[in-house]
Amino acid sequence: MKHDDNILLQQATDAIRDISCPKQVDVTDAVMARLQHTQLLAPRQSRSLWLRGSIAAAVCLLLGIGINLTILFTRSYDESSISNMISELNTFNDEYISANNIMMVEEMASDYFDYEEGAEETDLEY
Amino acid sequence: MFPKETEYEIVRKVLDGEKEQFALIVKEYQGVVANLCYKLVGNRLEVDDVVQQVFVELYTSLPRFRFESKLSTFIYRITVNVVSKTLGKNNRYVTYDANVLENRSEGLTEEEKIMKEEQHSKLRKAIGKLKNEQRTALVLYTYDDFSYTEIADVMQVSLSKVESLIFRAKKNLAKMME
């Protein structure tokens with residue numbers, strides 16, 4: 001499109017090229033005075049300020065994250081220790097119950113054997 | 001204009017705190033900026049004020065300069081921004097002083113010179129009536145033979161938007177020249 005032979009665009013281009021600022025502009029002193037007057041910081045200084053601010057913000061953020069993580073970790077540790085205790089209790093309970101059952105079975109077995117032995121003895125006696 | 005390496009060196013010095021080096025940039029580019037400003041705002045605003053504003057903005061924006069493109073492209077971008085902020089988007093009707101065509105009228109007869117000046121005068125009026133964005137795209141199109149990509153970069157718009165702006169500018173100019 002840029003290289004097409006559009007006459008009007010070419011004429012407009014020429015007309016625009018012919019437009020030039022009618023007066024000589026020299027704003028060097030005015031700009032430097034304005035920069036001085038408005039006490040604009042040198043870009044490097046402003047950049048270092050920005051950098052310092054960012055670092056401070058990042059440190060605060062990291063500290064915040066650290067504290068939160070510590071709290072979370074402690075809480076989870078507590079929770080896990082409680083759950084450990086509960087599971088230990090459950091295991092103990094199960095073991096106790098099963099131990100009781102074994103004892104009961106043993107007692108029943110011993111009663112049975114006592115009875116059998118007794119019967120045998122009785123048989124022998126008879 | 002400075003060669004690219006010199007430009008970069010001066011910018012680095014300014015960024016390192018050598019504030020007075022910025023005067024070199026102002027001295028070197030003020031003419032180019034003034035011409036671009038005048039093409040964009042015409043007699044509507046005081047060109048000196050706009051040029052000053054451009055350089056103050058440039059100074060505060062220098063830390064954002066990436067040392068990838070030419071400093072002039074960065075300066076044009078700031079100029080377009082400052083002009084756009086100052087004029088506002090819907091502000092039209094810019095007028096230009098009558099220009100002499102001495103540099104382009106060599107070899108022409110008096111009659112041809114007059115005809116050419118008349119035609120350019122009509123075109124200048126029509127260009128002044130374009131919307132700011134269309135005028136900016138058209139001016140940059142003629143300025144330093146910018147490519148569409150460079151125009152898009154300076155105006156911070158998409159390539160298709162630039163194409164559409166130039167197409168509409170051309171269409172509107174044709175209408176006004178009828």
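How many residues does the contact take from chain B and from chain A? It takes 50 residues from chain B and 34 residues from chain A, with contact meaning heavy atoms within 4.5 Å. The model is a predicted one, where local features need pLDDT of at least 70 and side-chain atom pairs count only at pLDDT 80 or more, while totals for chains, interfaces and linings use all residues. Side-chain values rest on heavy atoms, with hydrogens and water left out.

Put together, chain B and chain A bury about 4,200 Å², buried area being the accessible area (1.4 Å probe) that two parts lose on being put together, summed over both. Carbon and sulfur atoms give 64% of that area. On the chain B side, B:Gln52, B:Tyr141 and B:Lys170 supply 14% of what chain B buries against chain A, more than any other three residues.

As for polar links, 13 residue pairs across the interface are in polar contact, both residues at pLDDT 80 or more. Such a contact is a pair of N or O atoms within 3.5 Å; within protein, one must be able to donate a hydrogen and the other to accept it, and residues adjacent in sequence count only if both atoms are side-chain atoms. The side of chain B that touches chain A divides into 26 nonpolar, 12 polar and 12 charged residues.

Next come the salt bridges, each a side-chain nitrogen of Lys or Arg within 4 Å of a carboxyl oxygen of Asp or Glu. A:Lys23 pairs with B:Glu46, the closest N and O atoms being 3.1 Å apart. A:Lys23 also bridges to B:Asp48, at 3.2 Å between the closest N and O atoms. This pair runs from helix 3 of chain B to the loop between helix 1 (7–18) and helix 2 (28–37) of chain A, helices being DSSP runs (H or I) of at least four residues, numbered from the N terminus.

Terms used
Residues numbered from 1 in each chain as written. Chains lettered and ligands numbered in written order. Nonpolar A, V, L, I, M, F, W, Y, C, P; charged D, E, K, R; others polar. Helix = DSSP H or I, 4+ residues; strand = E, 2+ residues; numbered from the N terminus.
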